[in-house]
Amino acid sequence: MMSALRNQKVRGILFQILTVIGLVAFLWYIGSNTMHNIEQRGIKTGFEFLDSTAGFGIDETPIAYTETDTHGRVFLVGLSNTLIIGFVGIIFSTILGLIIGVLRLSNNWLIRKMAATYIDIFRNIPILLQILFWYNVVLKSLPVPKKSLEFAGDIFLNNRGLYFPQPDLNSTTISILVSLGIAIISIIFLNRWANKKQENTGEDFPVFITGICMLIVFPILAYFIGGANFNFDIPALKGFNYRGGKSISPEFLALTFSLVIYTATFIAEAVRSGIEAVSKGQKEAAASIGLTQFQALKLVILPQAIRIAIPPTINQYLNLIKNSSLATAIGYPEIVTLFSGTSLNQVGQAIEIIAMTMLVYLTISLVVSALLNWFNHKMKIKER
Amino acid sequence: MAVYEQKAVKKAPSNSKGVIHWLKSNLFSTPLNVAMTLLGLAILFWIIPPFVQWAYTDANFSGETRSDCTGDGACWVFVKMKLDLFMYGFYPQEELWRLKSVLGLFVVQLFAFKFFKSIKHKFISFSIYLIIAFILINGGIFGLEIVPTDKWGGLMLTIVVAVVGIVFSFPIGIIVAFGRASNLPIIRSVCVTYIEFIRGVPLITILFMSSVILPLFFPEGITFDKLLRALIGITLFQAAYVAEIIRGGLQSISTGQYEAADAIGLSYWQKMLLVILPQALKVAIPNLVGAFISLFQDTTLVLIIGLFDLLAMVRITAADSTWLGMETEGYVFVTIVFWAFCYGMSRYSNKLEKQFNTNLK
Amino acid sequence: MTKLAKLSLAAIVLIGLSATAGTLEDTKKQGFVKCGIDGALPGFSEILSGGKYVGIDVDGCRAVSAAVLGDASKVKFISLNAKERLAALQSGEIDLLVRNTTWTQSRDTTLGLNFAGVNYYDGQGFMVRKDLGVKSALELDGASVCLQTGTTTELNVADYFRAHNMKYKTVAYDTNDQVVASYENGRCDILTSDASQLYGLRTKLKDKANHIVLPEIISKEPLGPVVRQGDDAWFNIVKWSFNAMVAAEEAGITSKNVDEMKMSSNPTAKRILGTEGKMGANLGLSADFAYQIIKQVGNYGEVFERNIGVNTPLNIKRGINALWTKGGLQYSPPFR
């Protein structure tokens with residue numbers, strides 16, 4: 001018996017069995033308490049609440065919603081707002097992060113220092129504080145609707161949000177959207193073809209310039225094909241506020257702005273460390289085999305820099321999506337505000353609702369880490 | 001016969017050190033650079049003078065009431081009058097000496113750190129400090145009146161949450177990291193699940209869970225203080241991040257170290273605690289400081305579940321009817337406080353990183 | 001089943017039993033009443049700088065403490081937001097909730113809670129800026145509405161606008177402080193909440209005189225103390241502590257004359273104050289429980305005037321909260 005205990009394998013198995021027993025007992029203890037408490041306090045269980053009428057209004061609804069819709073619909077509205085803020089935030093923080101990261105390595109002393117200062121300031125201020133600051137302090141300084149700031153005649157900014165004209169969905173707008181899609185797809189194929197050609201023949205094809213031309217020419221053609229008929233819905237002051245057109249709420253503006261400002265500092269650092277990690281010898285070697293500066297950047301430096309910069313950047317994307325849950329402090333109707341907030345208050349089924357909310361984030365993070373794994377695999381240095 | 005003309009004598013190159021040269025090579029080397037410098041200066045000019053004017057030139061510093069706020073700029077009188085609230089929350093006035101002595105003892109503790117050379121002594125003195133600090137803040141023995149946690153607030157609460165979070169998440173994080181690196185499949189998968197779950201969800205949902213669902217997990221009558229619930233949530237959250245960082249440290253240890261420890265007949269725990277962990281921690285320390293910085297920033301989230309941390313105190317004091325319209329000053333003050341803490345810590349972490357880097361070479 | 005599991009089951013049962021000893025006994029043993037309040041609502045419950053609690057809800061907690069422990073100061077106040085309040089009561093974190101909570105049928109029946117009375121009859125109203133020139137809620141088509149989430153407010157406002165076929169935009173926050181800050185910043189045209197809260201929140205605005213509460217009251221909001229279901233002794237104590245304050249006002253007993261009234265020949269006053277009859281013993285309290293309430297906290301009228309009445313910044317008239325003898329709704333069943 002004792003000798004068996006000394007055997008590492010046996011001990012390992014024993015230890016695992018004990019862990020499982022402990023874990024099961026703990027979960028069982030919690031589970032039975034919860035069941036007991038739920039029963040005794042008369043809290044409802046199950047997911048029927050998803051079919052019950054929500055009864056409250058929501059300001060920003062990317063998918064159709066009225067007060068008579070269900071809590072299940074509220075969940076979807078919240079989810080789509082979370083995805084929207086994530087998407088917009090990721091795009092802008094990538095752009096800003098890239099710019100700041102490159103400026104951070106600029107050979108201009110002033111610019112370099114300014115970029116470094118920007119990073120040092122904004123990454124060291126809690127994101128919630130930034131959100132509340134932009135929302136409460138900056139919102140306060142915006143004018144009332146009647147005294148809105150005007151840009152380009154038809155764009156208005158006031159303390160209710162940003163209002164701008166929206167083109168009606170007619171044949172012209174649709175054909176332009178379609179043409180943009182075609183342009184993007186053809187650029188992808190063009191790029192593939194050009195790469196192949198370059199590998200086979202060594203001849204270069206100006207993909208970048210051709211691509212830009214396609215992005216410009218296609219929509220212009222489509223504009224005429226579609227009937228050359230733009231009809232804007234222009235916001236106008238009616239009653240309490242502007243109506244018509246497209247509007248962006250101050251909550252969305254404040255939230256996106258702070259998320260972008262904050263996340264960009266981390267992305268900038270990732271970009272910087274990526275570029276710095278490429279050794280000088282690589283650049284010199286590229287130059288010595290006669291690559292132009294642009295070719296060296298495209299074929300030698302960037303592929304190596306990206307390998308280092310992308311994983312932390314993707315992690316920051318995930319952080320950005322998670323941080324968007326802080327919207328609950330300023331009432332932007334994303335999933336935590338709407339579903340874990342308002343719906344939870346109306347329905348009272350905390351366990352189901354918080355579990356569903358967590359599941360959303362877990363799914364997003366699983367997708368992102370799958371993406372990351374795929375990327376790491378693809379980017380692995382192929383040693384020959 | 002070819003005629004060679006003598007070329008004009010070139011001027012000596014301008015000083016290759018000097019201010020002018022520095023300006024030229026660093027700010028005005030190319031047209032693009034000139035443009036960027038000018039743009040940079042324009043941005044600075046656009047931001048800094050108005051801020052200085054608001055925060056200093058036009059600001060009010062002296063006085064005691066709202067009516068002393070006469071300038072166009074900031075009114076720092078507000079911050080001055082509310083400083084105790086910002087620092088200590090609603091902690092009773094007559095008990096404030098206790099918090100001040102905790103702060104005083106911290107300075108003593110810093111000296112003790114310089115004095116004690118061995119890690120063990122440092123650890124013991126810090127533990128004693130934490131216990132004394134807890135007794136002083138909470139009360140309950142030695143005739144100290146208990147100060148209920150709903151009176152705790154301000155910067156003191158922020159620090160309490162951050163310190164408790166890091167101190168308790170550390171051992172949990174180490175155990176989970178060991179489990180994660182263990183070759184026992186069940187242990188490993190339990191730890192992986194824990195880490196991935198926590199890291200996959202936002203802190204706010206964990207705080208909601210600990211404030212709304214946690215009470216359901218225990219029989220009626222067992223209740224946790226609101227602060228305690230938040231601390232449990234934050235500790236469990238932080239532990240997952242600490243575990244990942246320590247795992248990174250563990251991975252950097254070569255297998256030779258494990259084998260050597262096995263070869264001299266150390267048990268698993270001896271091997272891990274005496275050989276592997278010290279090396280892994282050394283590698284992990286800069287990242288641990290980084291995790292502490294983000295924990296410090298994350299403490300602000302407790303305001304969403306109704307605790308009065310430093311940021312929450314700004315919102316409360318700004319709603320004080322005798323001091324309306326002062327939230328900008330409050331926010332700027334709190335921003336500076338948070339920034340100073342986080343920036344200080346990140347500098348420290350950079351320093352550590354450099355220190356350890358040179359050691360490795 | 002493993003031994004460990006059996007042990008933990010036993011532990012649950014034991015702990016469960018010890019917890020159901022009764023709120024009265026527990027409270028006496030602890031030496032304080034655990035009372036949930038809002039904490040940021042002028043007139044109802046507010047923390048002054050220095051940590052002192054004031055308000056009509058706070059006085060409700062004090063009254064129960066005076067009745068049970070003979071000392072109105074033995075209260076542990078716990079500030080709760082709208083989301084936490086009912087869960088806090090259910091879990092036993094607090095034993096009494098006086099946090100302007102609306103008594104509704106579904107709350108009373110489905111949450112394992114009981115409402116022990118009404119300490120303020122309220123209704124939802126709207127506050128707007130005077131310079132908007134709005135005189136009635138029916139002119140609010142297209143307005144943005146700031147409100148606190150987690151309340152019945154959200155549903156009432158949706159119903160009201162829908163019923164009158166008007167459009168609106170909600171901006172919902174989870175704290176009253178943010179609601180007020182955003183309204184002040186001009187994020188919305190209307191602030192909606194229970195009318196009493198509107199008066200309270202108005203005191204937090206910079207330019208108080210420039211805001212009016214519209215005449216329309218769009219809902220019934222009886223606000224009252226809440227206790228857990230299943231402990232009838234405690235339920236009765238809370239109910240009659242509040243009734244005592246109303247009954248005292250009706251009988252003309254105030255904190256100033258309570259000692260004289262105790263000795264007077266007025267039989268009603270004597271029964272309330274415990275010099276006659278067994279009112280206290282019926283509740284398991286000392287005979288003078290109501291005396292302690294009136295002496296230390298005051299009667300309903302005093303509490304009302306001190307915290308939210310016409311001489312306070314809130315400036316609320318008694319209205320429907322007057323005694324039934326004066327045309328209001330405040331009515332205590334007889335002390336007999």
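Guide: In chain C, the axes (lines fitted to C-alpha atoms, over the stretch in contact) of helix H9 (residues 232-250) and helix H13 (residues 289-296) come within 10 Å and cross at roughly 65°. The model is predicted, and local features need pLDDT of at least 70, side-chain atom pairs count only at pLDDT 80 or more, while totals for chains, interfaces and linings use all residues. Residues are numbered from 1 along each chain as its sequence is written, with chains lettered from A and ligands numbered from 1 in the order in which they are written.

Visitor: Why are H9(C) and H13(C) called roughly perpendicular?

Guide: Roughly perpendicular covers 65 to 115 degrees (under 35 is roughly parallel, over 145 roughly antiparallel, the rest oblique), and the crossing of H9(C) and H13(C) is at roughly 65°, so the two helices are roughly perpendicular to each other.

Visitor: Which residues of H9(C) and H13(C) make the contact?

Guide: C:Ser241, C:Ala244, C:Met245 and C:Ala248 make it from H9(C), and C:Ala290, C:Ile293 and C:Ile294 from H13(C), a contact being C-beta atoms, placed from the backbone, within 7 Å. The residues of this contact divide into 6 nonpolar, 1 polar and no charged, where Ala, Ile and Met are among those counted as nonpolar.

Visitor: Why is B:Ile159 called partly exposed?

Guide: B:Ile159, which is found in helix H7 (residues 154-181) of chain B, has 19 other C-beta atoms within 10 Å; since a residue is buried at 20 or more, exposed at 12 or fewer and partly exposed in between, B:Ile159 is partly exposed.

Visitor: What makes strand E5 of chain C mostly covered?

Guide: In E5(C) (residues 75-79), 4 of its 5 residues are buried. Strand E1 (residues 33-37) of chain C pairs with E5(C) in the parallel sense over 5 bridges, and C:Lys34 stands opposite C:Lys76.

Visitor: How do you know that strands E2 and E3 of chain A pair?

Guide: Two strands (DSSP runs of at least two residues, as helices are of at least four) pair if DSSP finds at least two bridges between them; E2(A) (residues 155-158) and E3(A) (residues 161-164) have 3 bridges, in the antiparallel sense, and therefore pair. A:Leu157 has A:Leu162 of E3(A) as its bridge partner, and a hairpin joins E2(A) to E3(A) through 2 residues.

Visitor: How many bridges join E3(A) to strand E8 of chain A?

Guide: E3(A) and E8(A) (residues 246-248) run antiparallel and are joined by 3 bridges, with A:Tyr163 standing opposite A:Ser247.

Definitions and conventions
Axes fitted to C-alpha atoms, helices over the stretch in contact; angles between N-to-C directions. Contact = placed C-beta atoms within 7 Å.
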